[in-house]
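Colleague: Could you walk me through this one? I'd like to start with the charged side chains.

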Amino acid sequence: MLSFHEKKVKIGVLALQGAFEEHQSCLEASDKHCTTVQVRTVAELEGLDGIVFPGGESTAMGLIGTSNGMWDALKEKVIGSKLPTWGTCAGMILLAERCVGASAVIQDGQSLIGGLNVLVCRNYFGSQISSFEMETPPPPSLSSDNEAAEESAPFPGVFIRAPAILSVDQNDDIEILGKVVATPCRQAAVVLRELERKIEAGENVVQMGVVDALDRKSHPHQIGYIDVKKEPATTINSTASENVSANRAEEEKKDVTILEEEQQEQKQNTSNIQLPGASDSTNAREVICAVRKQNILCTAFHPEITSDTRWHSYFVNMVREDSVRRSN
Amino acid sequence: GRYAVPGNIVFQNTKDSQRNLVRKRAFSHTIIQEAEQLHHYQHSNKYRDKMTGTNGSNGNGAKIGTSTVKQGLAQMLKGGVIMDVMNVEQAKIAEAAGAVAVMALERIPADIRRDGGVARMSDPAMILEIKNAVTIPVMAKARIGHFVEAQILEACEIDYIDESEVLTMADEVNHIDKNAFNVPFVCGCRNLGEALRRIAEGCAMLRTKGEAGTGNIVEAVRHARTVQGEIRRLTTMSKDELYVAAKELRAPYELVKKVAETGKLPVVNFAAGGVATPADAAIMMQLGMDGVFVGSGIFKSENPAARAAAIVRATTHYKDPKVLMEVSTGLGPAMVGISDIKGDPVNFRDREGGEYSYEGRVPPKKHLHGATETQMYGSSWERN
């Protein structure tokens with residue numbers, strides 16, 4: 001009679017493009033009863049207990065995956081069958097239902113899988129020069145009693161041209177596992193300004209491509225980026241649309257005050273991370289970089305290129321719990 | 001200076017507002033902690049802190065330019081196709097075809113071969129325009145040894161710099177000190193020794209040199225087989241044989257030891273130089289390369305968009321002959337290319353510099369191949 005931890009699980013890693021081998025190594029290193037397979041075709045999706053969407057280029061994965069029936073099969077597995085799924089970076093983008101800063105050159109937009117009702121912003125922090133390493137909260141502890149010191153130590157988060165979740169659907173039972181306060185890069189700031197305009201105009205934004213972020217007029221022989229400066233929080237009423245009632249504005253002001261107070265509290269502990277290529281710091285906001293909703297786990301950072309396998313253990317445990325549940 | 005999270009971002013139609021962020025804060029896990037801003041990006045060499053090694057666990061803010069971060073982007077490009085583009089329109093075609101990155105340059109290698117003249121770094125305006133138009137990483141080339149071209153490209157916030165033998169060499173002895181930069185570099189190699197020399201200088205990604213601009217895969221195959229074969233040989237050696245192996249490879253002992261132990265290169269290695277068809281891309285993947293660069297092969301062909309998409313799919317399904325057959329069908333003519341590489345006056349692949357074994361003396365008598373070598377080593381030697 002196998003104990004829980006001995007129950008074998010088979011996890012597929014989407015291998016259309018990206019750092020899939022790294023995920024395989026980490027999954028197998030984290031758990032000796034876990035085997036992995038590379039998944040490129042619909043046939044290879046059979047018999048899996050879980051699937052990982054690796055880091056890479058979400059545009060490429062979508063184009064390759066929609067050409068051989070993978071995309072519909074993946075949607076069925078993730079959303080229909082609720083197979084445990086972990087998306088890192090590009091994988092997180094694929095699992096989002098709404099995306100800004102998407103590719104503007106692909107016909108009908110980037111192909112996403114969906115499953116998580118979140119709004120993700122691609123390339124939020126900037127180009128490779130703005131990629132960074134930073135301590136992040138560890139994954140939720142697997143042990144039921146006191147957390148061991150090693151388990152609760154910070155996790156080495158590696159953010160490579162990372163996306164960021166701007167907002168989650170309040171009603172959707174999404175657990176937030178990590179956040180950071182950061183200024184978007186100049187191109188992302190322009191994208192976000194365009195997003196705000198669309199929202200104020202009443203549009204329901206599902207996917208929005210990148211927009212022209214260059215300022216070609218200021219100097220004849222130079223090209224620079226458009227400088228986006230946001231108005232300070234206290235002038236919220238100046239941007240409110242006609243639909244916002246006076247009461248709502250009052251409530252918003254109160255919430256902003258709560259938020260500012262909380263921000264004050266954390267000033268000793270947190271500060272805006274300074275990255276090259278950042279836009280004006282008035283654009284800074286809190287963004288989410290790890291979430292879980294039922295069978296779906298997403299991280300904007302890359303545990304698979306570190307030697308710390310705690311997130312991989314966490315996911316294997318997710319898969320095993322689900323597998324045990326299904327067989328009972 | 002401190003700031004408040006701007007309150008005027010209200011996603012009204014999705015019910016997400018600041019109030020939701022406040023409520024979501026009440027959960028059991030701590031918010032990502034940062035004690036202080038750690039790294040201030042400065043454009044002056046003097047202030048450029050070099051971050052090396054450790055994997056982010058010293059508790060102080062965000063670190064940029066670490067080797068994990070530099071090599072990390074190359075790992076994310078694996079299994080993908082990086083395409084040479086000369087303008088915004090080509091960059092858009094490349095992204096729409098599934099490229100994982102574009103290499104921005106003013107002239108593709110086939111044109112450099114044909115037209116001659118000094119080949120240099122591109123105009124920053126073209127690079128910024130391409131970065132503005134696509135969402136995938138943008139790379140650009142700098143001349144071998146031209147560290148100021150590299151500084152300029154870093155200031156353009158390019159995602160990767162290719163220290164490229166396709167451009168005219170700026171330093172015939174030294175390569176760029178890539179460790180001094182925060183931006184990562186990709187370099188070419190023909191053999192394991194050259195690969196490790198570039199890694200010692202700080203390159204974060206490798207590629208074969210092949211012979212760029214010829215549409216002829218033979219040199220890329222040669223370089224891939226050489227590197228892979230030399231790695232396999234190293235793994236069969238006993239530990240005490242590695243010292244001489246390092247001397248003969250003309251590479252640092254520590255890197256040689258690491259390769260012998262792990263059986264692979266410490267960084268990602270792509271194919272480059274002469275890839276023109278889906279089959280070319282697949283053979284390089286089957287020879288153990290991690291991904292493919294395609295230069296002249298796409299935009300010098302009859303139907304660039306279709307060929308680009310076909311090469312992307314071939315790189316993913318490189319082990320599946322049925323898919324390879326399908327994507328090779330009906331593509332139209334590939335680039336004509338050059339079949340007699342040894343007879344061609346232009347030789348990109350042998351550009352490395354620092355030929356220490358000759359130490360400024362005239363090289364020993366040898367059989368000369370082609371016009372380049374005759375010119376380099378003089379007509380008083382045996383001529384081919």
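Modeller: A network of salt bridges links Glu163(B), Lys178(B), Arg190(B), Glu194(B), Arg197(B), Arg198(B), Glu201(B), Lys209(B), Asp350(B) and Glu352(B). A salt bridge here is a side-chain nitrogen of Lys or Arg within 4 Å of a carboxyl oxygen of Asp or Glu. This is a predicted model: local features need pLDDT of at least 70, side-chain atom pairs count only at pLDDT 80 or more, and totals for chains, interfaces and linings use all residues. Residues are numbered from 1 along each chain as its sequence is written, chains are lettered from A and ligands numbered from 1 in the order in which they are written, and side-chain values use heavy atoms, with hydrogens and water left out.

Colleague: How far apart are the closest N and O atoms of Glu201(B) and Lys178(B)?

Modeller: 2.8 Å. Glu201(B) sits in helix α7 (residues 192-201) of chain B and Lys178(B) in the loop between β5 (160-164) and β6 (185-189), 23 residues apart. Helices (H or I, at least four residues) and strands (E, at least two) are DSSP runs, numbered from the N terminus.

Colleague: Buried or exposed, those two?

Modeller: Both Glu201(B) and Lys178(B) are buried. Buried means under 20% relative accessible area, exposed over 50%, partly exposed in between (1.4 Å probe, protein chains only).

Colleague: And chain A, what does Lys230(A) pair with?

Modeller: Glu196(A), with the closest N and O atoms 2.7 Å apart. Lys230(A) and Glu196(A) are both buried.

Colleague: How many salt bridges over all chains?

Modeller: 41.

Colleague: Switching to helices, how covered is α2 of chain A?

Modeller: Mostly: seven of the eight residues in α2 (58-65) are buried.
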